[in-house]
Structure formats: C-alpha cells, structure tokens
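Here's a quick briefing to read alongside the coordinates. Have the viewer open and follow along topic by topic.

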Amino acid sequence: MYAELHTASAFSFLEAASLPEDLVDRAQELGYSAIALCDRDGVYGAPRFYKAAKAVGLHPIVGCEISLANGRRLTVLVENRRGYQNLCRLLTRMHLSSVKGKGRALWSDIESYADGLVALIDDMRDGDRICSIFKSQNVYVELQRHFRDGQEAENQARMDFAGCHHLPLIATNGVRYARRSSRQLFDALTCIHHKTTLDRAGQLLELNTERCLKSPAEMTRLFRDVPEAIHNSMELSQRLQFTLEDLGYRFPRYPLPPGETATSYLRQITFQGARERYRDSALKQRAWRQIEHELQVIEKLQLEGYFLIVWDIAQFAKRSSILCQGRGSAANSAVCYALGITAVDPVQMELLFERFLSEERGEWPDIDMDFPSGAKRESAIQYVYDRYGKHGAAMTATVVSYRDKSAVREIAKTLSFSEESIERLAKCIHYMDATDDGEHTAEQIRMAGFDPTQSRFRHLARLSREIQNLPRHLSQHPGGLVICQGELDSVVPLENARMPDRRIVQWDKEDCADLGIVKVDLLGLGMLNALEECTAIVNSRGANFDLAHVPPNDEKTYKMIQAADTIGAFQIESRAQMATLPRMRPRCFYDLVVQVAIIRPGPIAGDLAHPFLRRRMGREPVTYPHPSLIPVLKRTLGVPLFQEQLLRMAMAAANFTGGEAEELRRAIGFKRSTERMKLIEVKLRKGLRANGIRGEEEERIVKAITAFALFGFPESHSASFALLAYSSSYLKAHYPAAFYVSLLNAQPMGFYSPATLVKDAQRHGIRVRPIDVAVSNHRCRVETDDRIRIGLNYVSGLTATSVKKIVEQRARQEFRSIDDFTRRTQLRKQELETLAKVGALNSLGEQVHRRDALWQIEKAWRSRGPLLESLEEIPEPSPLSAMTPTERLDADYRGVGLTTGPHPMHYQRNRLRQMGVTVAAQLPTLQNGRPVKIAGMVITRQRPMTAKGFVFLSLEDETGVSNVVVRPPMFQQYRSLWVSEPALLVNGIIQKQDGVIHIRADDAQSLEMNSSTPASHDFY
Amino acid sequence: MKLYACLRINDFAVAVVLRKSRSLQSLPALVLSGVAPNVYVYQVNAAARTVGIREGMTLRQAQGRFGVGERNGELFAELRNEQDEQQAQRELLEVAQQVSPRVEDRGPGLLLLDLAGLPDPHTAGGKLAHSVEALGLPARVATSENRFAAVSATRVEAGVTHIYPHEVKGFLEHLPIGVLPLIAEEHKTLQLWGLRTVGGFARLSADSLTARFGERGAFLAKLASGEDDSLFEAWEAPHDFEESVDFDWQVTDLDPLSFLLAEPLRKVCQKLRQQGSAAENISLSLKLADGSRCERSVALSHPLTNHDVLLKLIRLELSAHPTGKAVEGLTITAQPVPRRELQHDLFSLSRPSPERLAVTLGRLKEQVGLENVGAPAVRDTHQPRVFSVTRFNPKTLKQQTPLSALGFRCFRPPIEAKVLEERHQPVHVSSRIVGGRVHKCAGPWRMNGDWWWEEGWSFAEWDVELHKGLYRLCCELPSQTWRLVGVYD
C-alpha cells in the first residue's frame, strides 16, 4: 500500500488549491491510511488537517516545504516531537529574520534544527548537502510521475543518485489539489500569485491535471517498475508517529512573591479583592461560599497561574489608568469579579460559574478583556510581550479568506477583465455561496449588465465560487494573545506581523483553542474610548463622575431608554433595539441585560423574543415546562433566554452537574457529533425520569432544552454589555454635550454615522458649531454645557501633520487673514480648498464667505517669489457670489461628512409639504393603519438573515428618524432603488404597536436632493 | 475682414457608422469599443441619449434601458470602426479644402475653416454643410469672425448658424462654462467659484485671473470676452507616395504588366528619395476587367527606394499570387519611413545587401507562401510544436546552443494515423509514411490547456519505436484522433 507524503494545501497561499479538509475527505474516499501535509514555509493548515484527519481516523503527518536561500526548496517530514519543535524553531528563525513573507532558510539553520526531521531529496543539486546534514536513515530520494515529457530523465538521475549514496527511494505525487476538477482553480491561483492573467501566464500554468490526489492503487500502478518507492512511503508513514496531539504546550508560571505558592497567592489576592467588592454587601456570605467553590475548581484544574496572569494584565491597566473590562463567560466568575477582571457581580446576578469553568470539560477558560481601542490597548499588548519575552508570547493569526467581492475581483483579473468591468462586477456581487448552483451568481452578473452565458463569465462565476473560503493571507487577530511557558516557538512557528513590534503565530484562535493553547483576548472597544473621554470631559468641567460607580436606577436614564431615545448608547441603539425598547420598557439593570440579549439572531430565529415580550406586557400567561424549573425561568417569565438557563434547567430537572450541563450545551449548540448528542440526550432523559418527569413533560423539557441551546445568549456576556449600555445612556441623559463629543471622537464605531449623531445632538438642544481654523482643535470639544465644536480631524483630506501645524501656529499667534494662514501653515492647495469650502476660513476676515475664501486662497497659495514672500497681501474684495444653502450643504457633506446647519430635508420641505409628505415627528399623532407618505435620507439599511427577506430602512428628516419595512417582493422588484438611492419618498401604511411605529412600504421613488448626502450604514 | 467657419459632426463615431444608410440615421444608435469581455458603449447619438443610454454602459445595460419603455423599433449597435472614422475625417478635410484652402483639423469630426478672402464667404457655411451632408454625415456649421464663438456655436446649435460681430459677446454670455478650453484643474476651480456661464467668467477682471491662473488666465479671459487671438494651425495634406495609371487595353500577362508598372513605381521611388524616405511596404491595387479590385502587398525586411529591386519583388508577388483576370489599371502606394544610411562595421563579417536579402525573401515567399517566411518564435505555452512566424530581422538573430543532441523533425502538417491499443498503450500504427507493430513505447505525456477559451486543447503523446525508427505519436482528445507528429533523427 501507499501513503501520500507530499501534499500541499491552500495554506501554501496561492500554491495549492484545496483546503486541508478537502484533502482529508478525498484521501479517505481513496482509502488512504496516512497522508502528510507539507505547506510552504509553515504549518498554517496543520491544525485543521489534524482535526479533520483525526475525525475520520487518518494518520495526519506534519511536514513542510522550506524555501532555501538558494531559491530552491527542501521538503521535510516530522518524525517525533523533537523534530516538530525543531521545525517550528527553524521556521520562526526564517520568518523573524526577514520581512513578512520573504524568509529563506540557510543551510546553517537547517543543520541546527535537523534532528527529528526526515528530508526528501527532489533536486540533485542539493543532494550532497542534504546527505551531509541529515542522518542517512532520515533521507529519501523522491520520485514523482506526472506524465510529463522529460520527467523520466529526472527520475532516472534521482535513482542513480540514490543508488550511488545507498539511499531509499520514495514515491510521492507532489499533490497541489484534491481532485482533478480543481486544476483550473489552481491555474487561476497561479495567475494571482504571479500577478498575471491566464492569457499571459503561458508556461507558468500547469501542463496537465496530474497533481491531484491519486488512489494508492493508481500510484502503485504508476511506480510498478520501482515497487520499493511505494513500499517505502508506507514504511516511512508508519515511522512518522508525531501528531499535533502531542504539542508539549505549557501555560507560563506567574512569578510569585517569596514563600507563596500560586494557590496561596491567588487565594490571598482574591479574598483581598472580594473584601473591597463586598465591603457592605448583604451578599457577602454567599459571595464567600461561591469564591471558595470557584477556587477549589481552579485549584483542581491547576489554573491558578492563568488567573494570576490575567489579573496581572488587569492590574497593569489599573496602574496605567486604562479602562478595562472583562466580558464573555468570565463574567460568570466571582473570582474574576473579585480580582477586578470583570465588572459584573455574578453573585448578585446569580450567574452560573459552570458556564465559565468546570471540572468535567477539561478545557481552558476563555477570558476576553475589552480595552479602549488604539494606543492604550497597544500598551497592554506590549506589556505582555515585555513580560513573557520575544519568543514567549505572540498574537494569534486571522486567516483572511477569499470572500464575495475579493473572490470576484481576483478571478476577474486572471480572466483579463478590465478594471472598469471588475469595478462594475464587484459593485453588484453582494455575497457568493460556494454551494450555489450558479443561478444566483449568474443573476448578480446579469445585474452588473453582463451576459452570464458568455464563456468568460461562466468561468468567472464558477471559479469565484470555488475560490470562496480559500485562505488569501495571514493577518493578525485584533486581540488574541497566546502565551507559553518557555519558548512558544517550539509549539508553533512565529512570524513578523505587518505592524512593527508585533509577532503572530501561524494559527488562528480556533486552531489554538482546538489544540489546547491558552489565549487571552485583549480587544479594542470604541465605546470604552468614548466612555473614558466622556468621563474625563465631565470631570474637567467640575463634575465628579466615576464609571465604576454610576448611580443605579436613574429615572431620567430609564425614561430616555424607554422612549427609545438611544442613538449612541452602547448595544441598544440599533433600529431593531429601538423598535423593542418601547415594548420592553426597561425599568432596572436586569431588564437591560435581557434587552441586550433579546435582539440577537438566536432569540429571534428561535422565536423566543416575542413570547417573552407578550408575557412581559401581560398579554400571555406565564407558564413553565415543569414546576421544578420555576426558580430557573422565573426571571425571564418562563421563557428561556440565556445559555446559563439551559445549564440550570438540566441541573434542576435532570440532576446534571454544572460541567455535564455545559457539555450538554456544547454538544447541542455546536452540533459537533450526532453520536455525542444522542448519548447526552439519553443521559438527559434518564435524569428527568429519575426525577419523575415522564411522558409529555419530559418531551417538553427535552424539546425546550435542545431547541434553545442553539439560540441562547450568554447571560454573563449580556450583563457586561448591559453595564456599558447603562453607563453610556446615563452619560447621554445627564451630560449630552460631553457624550456626543466623546462619540464623535471615538469614530468609527456604533450603528450611526457622525452626520446622524450630530443631528441627534441638535435634536437634544446641543448647538453644534462648525469647523473653524481659529478655534477648532484637532478633535471635537465641548465649548459650553450645550455647545460643542467639531474638530479639524473631520476635514476630509487634511493630514494629521497639517492639523498639527494649524494648531501650533495658532498657539504662537492668531491668524490675521487667509493670506497669513496660508503663508504660515504651508498647507497643500487641496487642503486649503477643502477648508475654504467647508467654511473653516470664514472667521479670518471681515464678513468672509466660503467663496471669498476660495477666491483668496487661489492667489495666496501661489509662490510670490523670495522678495515678496514676507509681505502680507491686502485682501481684495471677491467678485464671487456666496454659496447658496444647498451648495453649502453639499460642501459640508463632501468636505466633513456632516453638516452643522439645517438638515438637508429642511430645504426640501416646502416641496414635500405640497406633496403631502408627513415629517417623522408627526407620525406618533397619526392613526394606525392609515396611508402615509414620508421622505428622508436613508441613514441605515438592514437585511437581517433572520428576517426572511424583509428589509428595514431608517429615513432621517429634520425632525427625527422613521423606520420603513420593505416586503421581499417589493425589495426584489425595485432592488437598486432600495439599495442605492441616498434619499427616498415612500408611500405606505403606518403600523403602530405598543408605541413602536413602522411604515410598511407600498411604493417608493428616488428623492432628488440637489446636494450630496452622507453615506448610509448598511448591514446586508 | 476675418471670418471663420466651424464644422462639427456631432457624435462622430456613431455618425460614421450610420452613414451607410439614411434609413438608419433616425434610429437610436450606439457604437461599442473594446474586446470581449470588456466591451462598452463608446458613443451614443442623441436619440439613444434621450432613452437614457450613456457612454460606458455595457451593451446589455443599453439594451435594458432601451427595453424599459417597451419602445417600438430597434436599437442600432455596432463596433467602432476606427479605419472608417479616419477615412471619414479625410473626406471631411477634402470637402473643407474645396471650400477654403486654409483648414484647421481640430480632432475627429471637428474642422475650422478660414473664410477670409473667399469670393463669397457668407455663403460658404451653407455650401460646406451641403457638401458634408452629401457624404452622409449630419453637419453643424457656424460662421463668425470669432473662432471660439463659431466652435462653441456648433456645440449648442444644429444646422447652419451665423454670428454677426455685434452678437458675439451676447452669444457667449449664456454659454455654459464648459465650452471654454479648460484643463481639469481650472474647471474644478471655476466650479468651486460657482461660475456656470462664460458670461460670469468674463465679468472677472483679467488681472485678477492672471494673478490666479497665470498666462492661461489672461488667455481664457480674452476668449470669454470675445477676443480670440490664438494661432490658426492650417492643415497640410500629407505627402502622398501614390501613383495611378489606367491602361488603354487589358493586360493579361505578367511581362507587359511589369513594363507598365515600371514608370509609376519609378515616380514613387523618386518622391520617396526627395522626401528622405524609403518604402517599408508597397501596396498594389489592381483594377480588374470585371470592375473589381485586387489588392497585393509587399512587406520589406529593410526599407528600400531601389526601383529595380522593388519591381522585382512586385513581380515575384504577382507571380506567386496571380490576379486570374485581365488588368485595366493600377495604383501603387508606398508606406514611407525615414531613410537611414548605416555605416558598416569594419571588423565584422559583411551581411548580404538589403536589396539582395529582400529579393531572396521575396523568392522564398513565392515558393512557400507568405505566411511561411519569417523568423520562427517559440510561443509561451505548453501546447506542443506551436510557434509563430515573426518578421525576419537578421539583426535580432542570436546563435543558440542546441539543447539536445537528439534531433526531432516535425511533420507539418502532422500525418494521420490509425492506431491499435492494448491496455491504453499503442501496439500497432499505420499511416501513409510508416506502419507496423510498436516495438517499444514511452508515454503517455499528457498535456492540456487554454481551458478558458471556447477551444481548449488536450493531447496525449507517445514515443513509439517502429521498425523504421522512433516516432512521436499524438492522440488528440477527446476526439481520439491519432497523428504522427514527428520523427527522431
């Protein structure tokens, strides 16, 4: 029999065309027992290959094609763990010693790390060198047969070499794709790699389709004249016993004070923290019991070091005054709360620890920490690097794959489509499905104005689908850090990221988790930037606000939330959230926790949201699947909403332990294995019967648990988000000027564009002042309690250096005129023009309007020669007329992306009034079911996957926002209208329910605006 | 008195395509440019524009726009023909020169005529329009003493327009600013200034414009205020290297035809020498007895002016490709290139004289066919035995070391064969040159490619040892057609 020991996957980045899973599937179909993955310069695909192979009982061998400094390659296979560690170190040395993607190995490097590796010689020029480095039993001479003229001569030379050096021969097929049908995709990838087209690629392309995975029988037939080459492949595969199961990864030890053990130290700091957290709390005793329980579990699982390390990062943040908050399932832990890692009290919230950690599960806990985006998060990352060394910590990678538009763009280039055609196609391709039969893609091509039946378009459609999900390049994950005891580079190769001072591992976070490598997520959250800045502004203006002690149950805040006045508030600002708030009417923190969780794809698709809301409004009786579940489901009125409730239901009704319940959730939630699901269901039913729950009741509970396990949202996660939702709402209600300024400075973030935030601010009585070079700073700022000033950073095309020059020159001496400004700041003409266009230069003279400024700068920016340079020009009166209001509006949107002047719809109002259009603010006064005509700028478009093709649009006018519901047939009929028109006039029926107003669209038309409009935020 | 006429053919590329038939001219029409899959609408006429068809659309989109209103009739679409456009432009220039000897060529479909000094300049516009209409092209003509006004008038007015001197300023006043010859940067600035008309621009002082736009500001200010002192660049007809002769009787043999050819060819060569040029290509257009024309062409590997050599080459060409009919007349056209006299290297081997080389190549072409003479070039493809013939240029030839000692002779064309197979291997071959049992074989060598074209290729090849030697056998897939493609020496 035969084992294929030279296979490359798409993780060779453009040098192979099949995913590791496809190779494994095909190998299984063909009856292989072992297969080796040898990707170029890395083990990028090894975890996925290992996981897929393990699932089907195939022996996955790790290998690699190493690029040599002489331009050739060396294929190596891993024999044992020592060999694997050497391979990882060799690859790390290669990659870290050069810029990303340019690493090459020197013979001296290979000599240092040859132990435990088996080399395959395929180029005679390197044969002697390889023989001198590797032990003789670890060198094989590789033969390949691709039905290529001339290849036999090469093989003969190899056989002669092997004979002379007494080396064994080995047959491989140098596989580049799993099936013959993928050869065309491989050719396309080759073109992308060489930045050429199929028409020009010539001999870069494949000669034939022979580099697919062939059956062992076919390979045996092919090498029937050298049977030992086939036999050796099998023998070697049996010798190469190393798999990724045996990585040898250890989590780092935390440096402890003298005399302390990790256990004692963790206990000490946990109780020290708990004493502060629960100083005057009535829950103290319960908290102590919970902490004791958690510590025991942590000690049993020997995870003290992990908690100490995460605590250390949180302490660093605290010392550096960086706002930091743990989220995710860590918020279920009282120990995390006591250590200051999370901000939600799990004892008071009755959160379930087992969702976070359990003895049975045997997995590392997952702690995600939010930091303000940008420099502060970077300082936390650098702290970890400094503490655990250059080779001890690295970011996890993110595999960037070909998706939708990128797939179409790249394939179209290879098929010689012009840039213009590519742009046109990319605009119309919204998503591509690898399983699509082609009709959907053809329709999208048709929409772009092309004929999908033409040969090149057919190839485009097919190859674009096939390339979907193939890795394109490796990027760094936004926050996932892995840390290792000792050298991380002996576990996984490291490489330089594009960012300076960043190193990444070759695996993504799922791969790391699957292989038991602990990661800590240090994520950037724009809202934390906003809250941090807002707190600073508020306190600088005399208040004493502390984010850790936001006054709870604030009436003004809840009133605002109930009225869905939540634009800018964290997590509860989206259209769907705003449509639920008047029904939910949150009155306390827990209501907000539910509110955050309820508008999620899961609860909506699982049809959990509506029953809960009906019960909350008293329109449906509160019932429970079984009396034993009343304590579990009471807080959510008998409707299970959170994952923790699933766990508790299994614990209460079927006597599951916390760990077993979590196992149940994972088994159902991820559908990992039907066999595993069946086993756990049997156990669940057994437990229910033991408690006397049988028949209909049993079925009801099993159904409830299995149905909502797919959809439930973690309560702890929701609670962490609700805390930020409440804090941001509180700041909006009490300190609106500071709130809007901090939001504008934290962009891009959130659901709405700055233009919408500014209009919302104005509706809340805040006067928003335009950009003015005489007073505006780099960022937006608060001028008075009800007045804010837009910052210079909002001027499109104005560089940070230019902004700095303006502010510095102004600090030295005020600008006297436009000429003075131009001379001293030395800005580019385009920057000056934009400043003039948006009115930022108007204050530099008497009654200067925007066109005056444009007139003056046209002369001022020209060099006057050295003699006249120092003389200030006396401004001459401009003969140009001032901009009209709509011209000003247009200039604002083009130059700043927002306007501080009247809303664009204001200028249309007279015309619209004559057409019988109702403004958004009047909609609450109209009767339900009445026909209505509304108009506005489209600020958001949503087409949620859960909405069965319904599309939701938010239209903004000068009085507020109205929501439009578009039914699927109407959307399909006028798709381009709904998708691309910046402003719409909609005829429809007003639908009012529980204070929520929607317009069901019956007809729509484009609205001519006479000016540009801000870009909408689209989610589809 | 100054007076100018401007002639404009709106949507020139479309007009050229439509002039084939008057009945087409009222149709909404467009011309396309590009090569599949990158074909776009290049130009549309007014009728197409009114139904929303625009430049840059795909044909499918244009058809979609046309179909939206469920309109009757058809949308005329054709690929752009640049040769026809050049021809039409030449015809326009000829017609214009019949009206005035001073014509300025301002681009495709746009001419300016200096009417000063003509006996009846005020009727010249009408005459011009009439002559152009006779060519099948819709003409817009405007006359004025101000060239800018005349040119601008043809943009906005159809038919024939005359602008009197006192009307110039008033006429320019309301024209859109875009009629000024602005560069993109200037156009952007004027838009920022809110200027929409030429009149608005003319109201700005020339000094302030000079301070902002330099010399261009002064120039534009003058244009806008009705002063146009730019240079009139009169068009000159290119030197023609063409001679025609009509015979008094029909010529059927090559010798008398060569005799008759000699004089016009001598004249052409003389013209070439006078202009310091040499012929790179000689075209011969023969008027045949049945009224049709027969075209012949001689491409030269080295530019020549030698009358005798050229005559020899034409003879060879005519003898290789006879007309088959009696000839009544001929036109000889030379394609000129600048003549270069080269100093030969004293230390290298002398090369054959260009004249002798040209004659030799001409003889070769006569013997083996035009397409089979030149320098072979290997094409960058895996497709076996594919090459292209490029122009023979001895300067670019390089000595190449043979890659293998084993020679291989290709059969061109390959020889059809019948093959018996056993276990997917050829065991017996029969063909018109060789046949018999296969003693040994190596292969198959599989190759396929160009799958993205409608016609891809796929072959499997074997080296087979027959009793007479070693041959290369090729099976074309999927048709399973067998051929012997060559033999090893």
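Which strands of chain B does helix 4 (residues 82-99) lie across? The answer is strand 1 (4-9), strand 5 and strand 6 of chain B, with the helix running at about 15° to strand 6 of chain B. Keep in mind that this is a predicted model.

- We're looking at an open sheet of five strands in chain B, ordered 5-6-1-7-8, and the pairing is mixed.
- Strand 5 (103-105) and strand 8 (160-163) of chain B sit at the edges, each pairing on one side only.
- On average, neighbouring strands of this sheet are turned by 15° against each other, if you ignore direction.
- Strand 5 of chain B runs antiparallel to strand 6 (residues 110-114) of chain B, and three bridges join the two.

**Helix 4 against helix 5 in chain B**

- Helix 4 of chain B brings Leu92(B), Val95(B), Ala96(B), Gln98(B) and Val99(B) to the contact, while helix 5 of chain B brings Ala124(B), Lys127(B), Leu128(B), Ser131(B) and Val132(B).
- Sorted by class, the residues of this helix 4 and helix 5 contact in chain B come out as seven nonpolar, two polar and one charged.

**Where chain B touches chain A**

- The contact draws 27 residues from chain B and 37 residues from chain A.
- On the chain B side, the elements giving two or more residues are helix 3 (59-68), helix 8 (184-192), helix 10 (206-213) and strand 18 (440-449) of chain B.
- Strand 18 of chain B gives the most to that side, with six residues.
- The chain B side splits into 12 nonpolar, nine polar and six charged residues.

**Chain A as a whole**

- Chain A has 42 helices and 23 strands.
- Its C-alpha atoms fill a box of roughly 95 × 90 × 65 Å along the principal axes.
- For 1020 residues, a compact globule would have a radius of gyration near 31 Å, and the 33 Å of chain A agrees with that.

**A helix pair in chain A**

- Helix 11 (residues 262-277) and helix 12 (residues 284-300) of chain A pack at an angle of about 160°, with their axes 11 Å apart.
- Helix 11 and helix 12 of chain A are therefore roughly antiparallel to each other.
- Helix 11 of chain A passes helix 12 of chain A in a right-handed crossing.
- Thr263(A), Arg267(A), Thr270(A) and Ala274(A) of helix 11 make this contact with Ala287(A), Ile291(A), Leu295(A) and Glu299(A) of helix 12.
- The residues of the helix 11 and helix 12 contact in chain A divide into four nonpolar, two polar and two charged.

Key. Residues numbered from 1 in each chain as written. Chains lettered and ligands numbered in written order. Predicted model: local features only at pLDDT ≥ 70, side-chain atom pairs only at ≥ 80, totals over all residues. Axes fitted to C-alpha atoms, helices over the stretch in contact; angles between N-to-C directions. Helix = DSSP H or I, 4+ residues; strand = E, 2+ residues; numbered from the N terminus. Parallel < 35°, antiparallel > 145°, perpendicular 65-115°, else oblique. Left-handed = near helix turned anticlockwise from the far one by under 90°. Contact = placed C-beta atoms within 7 Å. Nonpolar A, V, L, I, M, F, W, Y, C, P; charged D, E, K, R; others polar. Pairing = 2+ DSSP bridges. Rg over C-alpha atoms; globule rule 2.2 N^0.38 Å.
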